[in-house]
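Take a look at the chain below. This report goes through it part by part.

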Amino acid sequence: MSNIASAIKNSIPNAITSLNLLCGALACVAAFSALDPVLTIGGSHVLVGYEVAFLLIALAAVADFFDGFVARLIGAVSGIGKELDSLSDLVSFGLAPAMVLYNLMRAARPDSLLCFAAMIIPVFGALRLAKFNVDTTQSTTFRGLPIPSNAIFWIGFTSWYATHHSVSQWVVVALVVVLSLLMVCNLRMFSLKLHSLRLKDSYRQWLLAAAFVAFVAIDGLSGLAWAIAFYVLLSAVAGTGAENQK
């Protein structure tokens, strides 16, 4: 019985991680109906595909947070869980936002092949995660833009792009290249996690949190892209402090 109980305990975090992966996979499906109504709430409000994809990516982020939390809480941290977590993050925070961008670009310019540039995002996301997994120097700091932050940027940008199709697709391609390179560069970036409520110890986190609230209040979901841009700038100016992150 003890072996069965141990197996069940060790499977709990992996089950939560699998929910992350499932949400990411469903977000990819929703992305292919990017501008089509796919969900009605209360019989009146309709969500289109890219909005449903955003909700699923957000749910994936919740699962991504709780799998590690639960694993540490019950003492079920494992190598398999770490690898499964990376694979799930690649789908939810790399492939899913790329699918949203691809479909919106294709809807805006059906005759253009530039939409395939969106596929660069999951490729560099995979490199980002692989680099993190083998880089022992990132035990207390991390380098490059975390892949969840990459997803936040693309949620913000694509929510704006969905209603601004007139923007040049070359501008979008340039953003894809810049964000992808940020994921694998050596820029040291601080963790978003608060480990102290003292302003002196966590002033960057508090400043970034205030920026997130301000940008979203002013510009809605599109403000998320500006908040991530501010995060990169703040990291470059203030340097690192910090804790580990994917």
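## The second largest pocket

Which residues line the second largest pocket? This is a predicted model, and in it the lining consists of F153, G156, F157, W160, V171, L175, D219, S222, A225, W226 and A229. The pocket has a volume of about 220 Å³.

Helices supply much of this list by name. At least two lining residues come from each of α5 (147–161), α6 (169–184) and α8 (223–238). The largest share belongs to α5, with four residues. Sorted by class, the lining holds eight nonpolar residues, two polar ones and one charged one.

## The chain as a whole

How many helices and strands does the protein chain have? There are eight helices and four strands. Along the sequence they follow the pattern α-β-β-α-α-α-β-α-α-β-α-α.

The protein chain has 246 residues, and 46% of them are buried. Its accessible surface comes to about 12,100 Å². Carbon and sulfur atoms account for 72% of that surface.

Now consider contacts between residues at least 6 apart in sequence. Of these, 71% join residues at least 24 apart.

## F190, in a loop

Where does F190 sit? Its place is in the loop between β4 (188–189) and α7 (199–219). Is F190 buried or exposed? F190 has 0% relative accessibility, so it counts as buried. The cut-off for buried is under 20% relative accessible area.

S202 is twelve residues away from F190 along the chain. The C-alpha atoms of F190 and S202 are separated by 10.0 Å.

## Cysteines and disulfides

A disulfide is a covalent bond between the sulfur atoms of two cysteines. To count as one here, a pair of cysteine sulfur atoms must lie within 2.5 Å. How many disulfides does this rule give? The count comes to zero.

C28 has a relative accessible area of 11%, so it is buried. C115 has a relative accessible area of 0%, so it is buried as well. Both values fall under the 20% cut-off.

Note on methods
Residues numbered from 1 in each chain as written. Predicted model: local features only at pLDDT ≥ 70, side-chain atom pairs only at ≥ 80, totals over all residues. Heavy atoms only, no water. Buried < 20%, exposed > 50% of the residue type's maximum accessible area, 1.4 Å probe, protein only. 1 Å grid on protein atoms, 1.4 Å probe; cavity = no way out; pocket = protein on both sides within 12 Å on 5 of 7 lines; lining within 4 Å. Points joined across faces, edges and corners; volume = space filled by probe spheres on them. Nonpolar A, V, L, I, M, F, W, Y, C, P; charged D, E, K, R; others polar. Contact = heavy atoms within 4.5 Å. Areas by Shrake-Rupley, 256 points an atom, 1.4 Å probe, with all protein chains shown as cover.
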